[in-house]
Amino acid sequence: MAPAPYRAGWIHYTNVAPILDDLKLPPDVSAVTGVPTQMNAALLSGEVDIANISAVEFIRNADSLAALPDFSVSVLGPVYSVNLFHRVPWRDLKRVALTAQSATSVALLEVLLRESGVMPVLERAEGNAQELLASGYDGVLRIGDSALREWYGVVGPLTEATTMTALPHTRGGVTVTDLAEKWFELTGHPFVFAVWAYRQAAPPPPALVQAMREARRSGIGHLSEVAERHARKLGLPARVVQHYLWNFRYHLEAPDRLGLNEFAAKVAPGHAPLVFGTPPG
């Protein structure tokens, strides 16, 4: 009887398009897709064997999970798609709506609030930022492609003379606080949003890892085409999406590990040691 296929669980947001768009799975690998919380649960339950999961779930389950040593979704500074939209200053937040889609973004917000001495009531609520703010929330956490579109709705439109590094953070009474940028201001380190983690008892076949490396090389090498393709889906200017994508760090390098370890210490003191696979070569 043929062995069961190795199962991958992909969170296919635009931010991983340079890796996943051109990925050709080996014959013995199958894949499903879902939002971060779904793939986190699928990996921990054994429904999938590898997934690009939230960094906080990797940290909290470090006793059973390992991560590929050279893959991450990290940024040094702004990320543009993990935002707190708010109508009052950060220090005056009293009631904040949280998305249920991303454990890491919620944990990051909690760390940043705690570090700045702000203690609002945090409530689960889904919907776009403007609607939730209008319903009475002081702040709304939004992530992923929707957050990127909503961010552009506040800071845009851009002209050809506008630089992405000098965009307004406040317009129409709404302020957008980029959580990765706030982490950088706090620590000086990159922030790792996701790693490619697998159950320690089920490491990925080498052919899958090599295919991922080849797909990443191709995607980064053709970033303008990737950006144009996803810009059409998002309804955003291609140069905005291209800037968004080239801002990411897709390798888990030494600075990224410093940021990951600092986040781990803040979010899960006493966690099990973080385990990484064998480096390539």
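Contact is taken here to mean heavy atoms within 4.5 Å of one another. In this sense, and in what is a predicted model, Asn 15 touches Val 73, Tyr 244, Leu 245, Phe 248 and Tyr 250, residues up to four places away in sequence not being counted. Asn 15 itself belongs to the loop that runs between β1 (6-10) and α1 (17-20). With a relative accessible area of 13%, Asn 15 falls under the 20% limit and is therefore classed as buried.

One of the residues touched by Asn 15, Leu 245, also takes part in the contact between two helices, α9 and α10. The axes of helix α9, which spans residues 223-234, and helix α10, which spans residues 238-246, come within 8 Å and cross at roughly 120 degrees. This angle makes α9 oblique to α10, and the crossing of the two helices is right-handed. On the side of α9, the residues that meet α10 are Leu 223, Ser 224, Val 226, Ala 227, Glu 228, His 230, Ala 231 and Leu 234, while α10 contributes Ala 238, Val 241, Gln 242, Leu 245 and Trp 246. Sorted by class, the contact of α9 with α10 has nine nonpolar, three polar and one charged residues.

The strands may be considered next. Six of them form an open sheet in the order β7-β6-β8-β5-β10-β9, with mixed pairing. Strands β7 (121-124) and β9 stand at the edges and have a single partner strand each, so one side of each is left without a neighbour in the sheet.

The strands β9 and β10 form a hairpin with two residues between them, and in the turn Gly 172 has a positive phi of about 60 degrees. Of the five residues of β10 (residues 174-178), four are buried, so that this strand is largely enclosed by the rest of the structure.

Two helices lie across strands of the sheet. Helix α4 (residues 103-115) lies across β5, β6, β7 and β8 (139-143), and runs at about 140 degrees to β8. Helix α6 (residues 144-155), for its part, lies across β5, β8, β9 and β10, and runs at about 125 degrees to β8.

Two loops contain backbone features of note. In the loop between α6 and β9, which is the place of Pro 157, the peptide bond from Gly 156 to Pro 157 is cis, with omega near 0 degrees. In the loop between β4 (65-75) and β5, where Tyr 80 is found, the phi of Tyr 80 is near 75 degrees, a positive value in a residue other than glycine. Tyr 80 is also buried, its relative accessible area being 6%.

Key
Residues numbered from 1 in each chain as written. Predicted model: local features only at pLDDT ≥ 70, side-chain atom pairs only at ≥ 80, totals over all residues. Heavy atoms only, no water. Axes fitted to C-alpha atoms, helices over the stretch in contact; angles between N-to-C directions. Parallel < 35°, antiparallel > 145°, perpendicular 65-115°, else oblique. Left-handed = near helix turned anticlockwise from the far one by under 90°. Nonpolar A, V, L, I, M, F, W, Y, C, P; charged D, E, K, R; others polar. Buried < 20%, exposed > 50% of the residue type's maximum accessible area, 1.4 Å probe, protein only. Pairing = 2+ DSSP bridges.
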